[in-house]
Amino acid sequence: MVKPKKEEKALYFPNAYTGPIKPINLEKTSRSVKLHVKKIEEAKAESVLDLGCGSGGILLALQNAGIKEIHGIDASPEAIEMVKKRFEKFGTLENTSFTVGDITQFDPPVVDAVSSHAVLCCFPNANGIINKATQMNPKMVIVTFPRDNLLIKSIMSFLNIGLWVVRRFNKSTSGEKSYVHSTDSVNATFEKNGYNLVFNHKTFIMQTLIYEKSM
């Protein structure tokens with residue numbers, strides 16, 4: 001009898017969303033976070049969806065910059081609870097929606113721009129995320145995820161061993177492992193969905209790519 005394959009889950013860290021509620025300080029964020037905010041502002045987007053919004057830093061920065069309509073979804077109830085408190089204290093909950101759920105299974109709103117920062121690496125199904133990001137034909141999609149070279153794959157392998165050990169002692173992680181997806185495959189899926197790659201910024205570990213809807 002063939003043993004059924006174990007279902008692979010999205011990875012998130014509930015314990016990451018505890019502690020004091022703080023405003024967003026872009027000066028202390030990573031280069032890639034700054035890029036998400038800057039490029040969405042430059043696109044003159046009036047509405048944005050963040051797939052895997054975490055504690056909502058990118059969305060809060062965008063609202064503070066004048067983006068009128070804000071939407072976020074995350075698998076972590078703890079993250080969404082923190083996002084709502086953060087917006088209530090340092091922004092406004094008007095014209096916002098924050099959803100707990102599986103990114104690949106929800107109905108996305110119509111927006112000008114979609115952001116997904118360090119999320120593809122938490123899901124086994126990259127195509128499912130890309131399909132949701134492009135489902136309602138936003139003008140642009142900006143994603144940040146690990147580069148797919150041998151060094152990064154090796155680093156991720158060691159990280160997954162560490163996650164396996166952590167899960168044996170406590171419940172601070174909810175999923176299975178992190179993933180390194182092929183950049184060529186990601187590009188191909190966006191192209192299939194009618195999007196062109198227009199920007200690519202690489203750091204030692206991560207890469208930030210922007211896709212725009214083909215005319």
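Glu-42 and Lys-39 lie 3 residues apart in helix α1 (residues 31–42), so about one helical turn separates them. Helices here are DSSP runs of H or I with at least four residues, strands are runs of E with at least two, and both are numbered from the N terminus. The model is predicted, so local features need pLDDT of at least 70 and side-chain atom pairs count only at pLDDT 80 or more, while totals for chains, interfaces and linings use all residues. Residues are numbered from 1 along each chain as its sequence is written, and side-chain values use heavy atoms, with hydrogens and water left out.

**Salt bridges**

- Side chains of opposite charge can pair when their charged atoms come close.
- A salt bridge is counted when a side-chain nitrogen of Lys or Arg is within 4 Å of a carboxyl oxygen of Asp or Glu, and this rule gives 2 salt bridges.
- One of them joins the side chains of Glu-42 and Lys-39, with an N to O distance of 3.6 Å.
- Lys-39 is buried, with a relative accessible area of 19%, whereas Glu-42 is partly exposed at 46%. Buried means under 20% relative accessible area, exposed means over 50%, and partly exposed lies in between (1.4 Å probe, protein chains only).
- Lys-85 forms a salt bridge with Glu-81, and their closest N and O atoms are 3.2 Å apart.
- Lys-85 and Glu-81 are 4 residues apart in helix α3, so about one helical turn lies between them.
- Lys-85 is partly exposed, with a relative accessible area of 41%; Glu-81 is also partly exposed, at 44%.

**The sheet and its helices**

- An open sheet is formed by 7 strands in the order β3-β2-β1-β4-β5-β7-β6, with mixed pairing. Two strands pair if DSSP finds at least two bridges between them.
- β3 and β6 (195–202) are the edge strands, each pairing on one side only.
- From one strand to the next, the twist averages 15°. Axes are lines fitted to C-alpha atoms, for helices over the stretch in contact, and angles between N-to-C directions run from 0 to 180 degrees.
- Strands β1 (residues 47–51) and β2 (residues 69–74) run parallel and are joined by 5 bridges.
- Leu-49 has His-71 in β2 as its bridge partner.
- Helix α2 (residues 57–64) packs on the sheet and touches β1, β2, β3 and β4; the direction of α2 makes about 180° with that of β2. Contact means heavy atoms within 4.5 Å.
- Helix α6 (residues 183–192) lies across β5 (140–146), β6 and β7 (206–213), and runs at about 15° to β7.

**Positive phi in loops**

- Most residues other than glycine have a negative phi.
- Asn-95, which is not a glycine, has a positive phi of about 60°. Asn-95 is in the loop between α3 (77–90) and β3 (96–100).
- Ala-118 also has a positive phi, near 55°, and lies in the loop between β4 (113–117) and α4 (126–134).
- With 27% relative accessibility, Ala-118 counts as partly exposed.

**A nonpolar surface patch**

- Leu-151, Ile-155, Phe-204 and Ile-205 make a nonpolar surface patch of about 360 Å².
- Patch residues have over 30% relative accessible area and no salt bridge; like charges are joined within 9 Å, and nonpolar side chains (Val, Leu, Ile, Met, Phe, Trp, Tyr) within 5 Å. Accessible areas come from the Shrake-Rupley method with a 1.4 Å probe, and for residues only the protein chains shown count as cover.
- Leu-151 is in helix α5 (residues 150–169) and counts as partly exposed at 43% relative accessibility.
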